[in-house]
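My notes follow the order in which I looked things up.

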Amino acid sequence: MTKPLPERLMLLVGIVFAVLGSLLPFIWFVLTSLKSQIQVEAIPPTWWPDGSLEFYYSALFDHELFNYIWNSVIVASATTIIALVIATPAAYALARIRLAGKVWVLGGLLCVAMFPQIVIAGPVWQILERIGGLNTHWGLVLPYVTLTLPLAVWILATFFKELPVELEEAAQIDGCTTWQALYKVMLPLAAPGIFTAAILTFIYAWNEFFFALLILTDPAKQTLPVGIALFQGEFTMPWGEIAAASVLATLPLILLVLLFQRGIISGLSSGAVKG
Amino acid sequence: MAGFTLTQLCKSFGHTMVLNEISLEASDGEFVVLLGPSGCGKSTLLRIIAGLEAQSSGSVNIGNRVVDSLPPRDRDIAMVFQQYALYPHLTVRENLAFGLKMRKESTAVIEKRIGDAAELLEIHELLDRKPKELSGGQRQRVAMGRAIVRKPKLFLFDEPLSNLDARLRASMRVELKKLHQRLGVTMVYVTHDQIEAMTLGEKIVVMDQGHILQIGTPDQIYHHPINPFVAAFIGNPPMNLIEGSVHLEGQYLEFHAGDFALRLETHAHIETAIHSDSAVLGIRPEDIKLDIPSEPHLTLSGFIDVVENLGGDHIVYLISQEQHLTARTTPNSRRRAEDPITAYVPLQKLHVFVNQVRIPLELYYH
Ligand SMILES: Nc1ncnc2c1ncn2[C@@H]1O[C@H](COP(=O)(O)OP(=O)(O)OP(=O)(O)O)[C@@H](O)[C@H]1O
Ligand SMILES: [Mg+2]
C-alpha cells in the first residue's frame with residue numbers, strides 16, 4: 001500500500017534532514033581530513049578539499065595512530081566478549097526462570113545503565129588504584145563491562161523472551177541438557193539479539209572517552225578517543241590530523257555494522273511455531 | 001517393554017491444585033487418550049510424564065523404571081507439541097537428525113532412520129527445506145518424524161492436530177492410528193476433542209478440574225459414562241440430560257422432572273429406599289427412535305421444534321412434556337417444525353444418574 005503523496009513528501013524531507021543532520025559533522029571532518037594544511041588555515045574556509053593525504057600520513061606515523069587503534073581493538077573486543085559471555089546466561093535466566101522480583105532486577109539494571117558516569121568515576125578510580133588496575137587495559141575493561149552489561153542483558157533478555165519455550169523443551173526431550181539447549185537451539189535463534197548487543201557494546205567501548213582518560217595516563221596504553229584528543233601540540237591545534245584520525249577511527253565501526261547487518265536477519269525464528 | 005504407571009500424582013502451582021491424586025496404568029503398546037475440557041490439567045499431566053514439569057507428589061514409572069529424578073532426556077520419550085516446535089534454524093533433515101546426534105548415533109544409523117521416517121510420513125521432498133517453508137500439515141508430519149526417528153519407549157502428543165483444518169485433521173487422525181498400529185509403541189495423546197478420543201483411544205481417561213473422572217475403553221465411556229459430566233462430554237450431539245428427582249424402592253424406580261414422569265421396574269431389588277432430588281436421566285440422541293422398536297421402550301409424544309439436515313442424518317430437536325430433546329435419525333423430508341411427533345426410547349438405553357453417579361440398573365416396564 002502506498003501512502004498519499006503529501007505524506008510521502010513529508011517523510012522524505014524528514015529522512016533527508018535526519019540523515020544530513022547526523023552526518024554533517026562527519027562529512028565536515030571527512031572533508032577537512034582531505035585538505036592540505038594551507039586549506040585548513042584559509043580564511044574564509046574553503047569547502048572542497050584538494051584530496052591531499054598528508055594528514056592521514058601524519059596522523060598514522062607522526063602521531064602513532066596504530067598504537068591507539070591497537071589499544072582500542074584490544075579494549076573494545078575484550079569488553080564485548082566478556083560482557084556477552086556474562087550477559088547471555090544472565091539474560092537467559094532472567095527471561096526464562098520464574099523468579100520473584102524479576103521485574104525489579106530488570107528495572108535495577110536499567111537504572112544502573114543510566115547512572116551519570118561522574119557519580120561512579122571516583123569510586124572506580126579508587127577501586128582500580130587499590131587493585132592495581134590503573135594504566136592497564138584490564139583496568140579499563142572492568143568498568144566498561146560493568147557499564148555495558150545492563151544494556152546487553154536487557155537486549156538479550158528481550159530476545160530470549162520472544163523465543164518459544166517449546167523449542168527449548170523439544171531440545172531437552174531430544175537429549176539436550178539445559179546448557180546444550182541454550183547453545184544449540186536458543187543461541188542460534190537469538191543471533192540477531194546477540195549481534196545487536198555485541199555491536200552496541202563494541203561501539204560504546206570504542207568511543208568511550210571519560211573513563212579512558214581517567215584510567216589510562218600512559219600514552220602507550222591509551223585508546224583512540226583519548227589519543228586523538230591529546231594530539232594537540234604545544235602551540236598548534238592539528239585540526240587536519242584530528243580529522244584524519246577521526247575518520248580512521250570511525251571506519252572500523254562502519255565496517256563492523258555493515259558486516260554484522262548480514263547476521264541480523266530478523267524473522268529467523270518464524271516457522272518455529274505456527275504462524 | 002514399556003507401559004507406564006502413574007501413582008497418585010499431585011501438582012499445584014502456588015496454592016492452586018492443578019492435578020489431584022492422578023493414578024493411571026497403561027500396558028505396553030497401548031494408545032491412551034487424556035480427554036477433558038480446557039484447563040483441566042491434561043497438558044500438565046503430560047508434561048509431568050515427560051519430565052518438563054515436576055510433580056508436587058506422587059510417582060511416574062515408565063517401563064518398570066521410576067523416572068521421577070530423571071531429566072526429560074533420560075526418560076526415553078518423544079513428544080509432539082501442539083505448536084510443533086521445529087527448530088527454525090535447521091532444515092527438516094537436521095531437525096530429524098538432531099535428537100539422534102545428541103545421542104551420538106552413527107551417521108549410517110541416522111541416515112537410515114531419517115530415510116525410514118521420511119518414507120513412512122511421505123516427507124522425502126521436504127527434507128532440505130526449513131520449517132518456515134512448510135505448510136501446517138507438513139510441519140505436523142515433520143514433528144511426528146522427529147519423534148519417530150528416536151524410537152522412544154513412549155510417545156507423548158499434546159493436541160497435535162488442533163492447529164490443522166478440519167479435513168486435514170481427519171486424515172491425520174487416521175494416519176496417526178495407522179502409525180500406532182505399525183509402530184506398536186505406547187502413546188499418550190492429549191485432546192479436548194471427543195471424536196479424536198473415541199477414534200484413536202484404546203483407553204480413554206476423562207479428566208475434569210484436575211481429577212480423573214473415568215478410565216475406560218471408548219465403548220465403556222460411551223455406553224456406560226460414570227457421571228453426567230462424562231456423559232455430556234462424549235458424543236455429538238451431546239446426550240440429552242433431564243434433571244429431576246428419583247425415588248428408588250424395592251423393584252421400582254420413579255423419575256420426575258416437572259410434567260415428565262416415569263415409573264419403571266428393575267431387576268435389582270433395592271432394600272433401603274433411595275430418594276434424591278439431584279437425579280439425571282440421560283438419553284443419547286441416536287437412542288431416540290422415531291419408529292416403534294421391538295424391545296421394551298419409553299414413548300414420548302410432543303412436537304418438532306427444529307430439524308437440521310446433515311445429509312446422511314437429521315438432527316431433530318423436539319419438545320416433549322416441556323423437555324427439550326435432541327434426536328439423531330435417518331432423513332425424512334416430511335418432517336416440519338411444529339409437527340406433532342411420537343418418539344421411542346428403548347429402556348436398555350436409558351442412563352440414570354443419582355447424586356452425580358451412574359446407577360447400573362436393568363430397567364423394564366412395570
Ligand atoms: N506454569 C503455570 N503456572 C501456574 N498455573 C499453571 C501453569 N501451567 C498451567 N497452569 C494452570 O493449570 C491448569 C491446567 O493447565 P493445563 O495446561 O494442564 O490445562 P489443559 O488441560 O492442557 O488445557 P488446554 O486444553 O487449554 O490446553 C490451568 O488452570 C492453568 O491455568
Ligand atoms: Mg493443554
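These entries cover the interface between the chains and then the domain contacts within each chain.

**Ground rules.** I am working with a predicted model, in which local features need pLDDT of at least 70 and side-chain atom pairs count only at pLDDT 80 or more, while totals for chains, interfaces and linings use all residues. Residues are numbered from 1 along each chain as its sequence is written, chains are lettered from A and ligands numbered from 1 in the order in which they are written, and side-chain values use heavy atoms, with hydrogens and water left out.

**Chain A against chain B.** I began with contact (heavy atoms within 4.5 Å), and I noted 25 residues of chain A in contact with 28 residues of chain B. The size of an interface is often given as the accessible area lost when the parts come together. For buried area I used the accessible area (1.4 Å probe) that two parts lose on being put together, summed over both; between chain A and chain B this is about 2300 Å², with carbon and sulfur atoms giving 61%.

I then looked for salt bridges, meaning a side-chain nitrogen of Lys or Arg within 4 Å of a carboxyl oxygen of Asp or Glu, and the rule finds two across the interface of chain A and chain B. One of the two joins the side chains of A:E169 and B:R47, at 2.8 Å from N to O.

A polar contact is a pair of N or O atoms within 3.5 Å; within protein, one must be able to donate a hydrogen and the other to accept it, and residues adjacent in sequence count only if both atoms are side-chain atoms. By that rule I have nine residue pairs in polar contact between chain A and chain B, both residues at pLDDT 80 or more.

Which helices of chain A supply at least two residues each of the side that touches chain B? I found α8 (165–173) and α9 (178–189), helices here being DSSP runs (H or I, at least four residues) numbered from the N terminus. The largest share of this side of chain A, seven residues, comes from α8(A). By class, the side of chain A that touches chain B has eleven nonpolar, eight polar and six charged residues; Ala, Val, Leu, Ile, Met, Phe, Trp, Tyr, Cys and Pro count as nonpolar, Asp, Glu, Lys and Arg as charged, and the others, Gly among them, as polar.

**Within chain B.** The domain assignment, whose bounds come from an automatic or database source, gives domain 1 (4–233) and domain 2 (240–363) of chain B. Their C-alpha centres lie 38 Å apart, and the contact takes ten residues from domain 1 and nine residues from domain 2. These two domains of chain B bury about 820 Å² between them, 54% of it on carbon and sulfur atoms. I found zero salt bridges there, but five residue pairs in polar contact.

**Within chain A.** Here the assignment gives domain 1 (5–33) and domain 2 (64–274), with 28 Å separating their C-alpha centres. Five residues of domain 1 of chain A are in contact with eight residues of domain 2 of chain A, and the area buried is about 440 Å², of which carbon and sulfur atoms give 89%. In domain 1 of chain A, A:F26, A:F29 and A:S33 lose the most area to domain 2, together 78% of what that side buries. Between these domains of chain A I noted zero salt bridges and zero residue pairs in polar contact.
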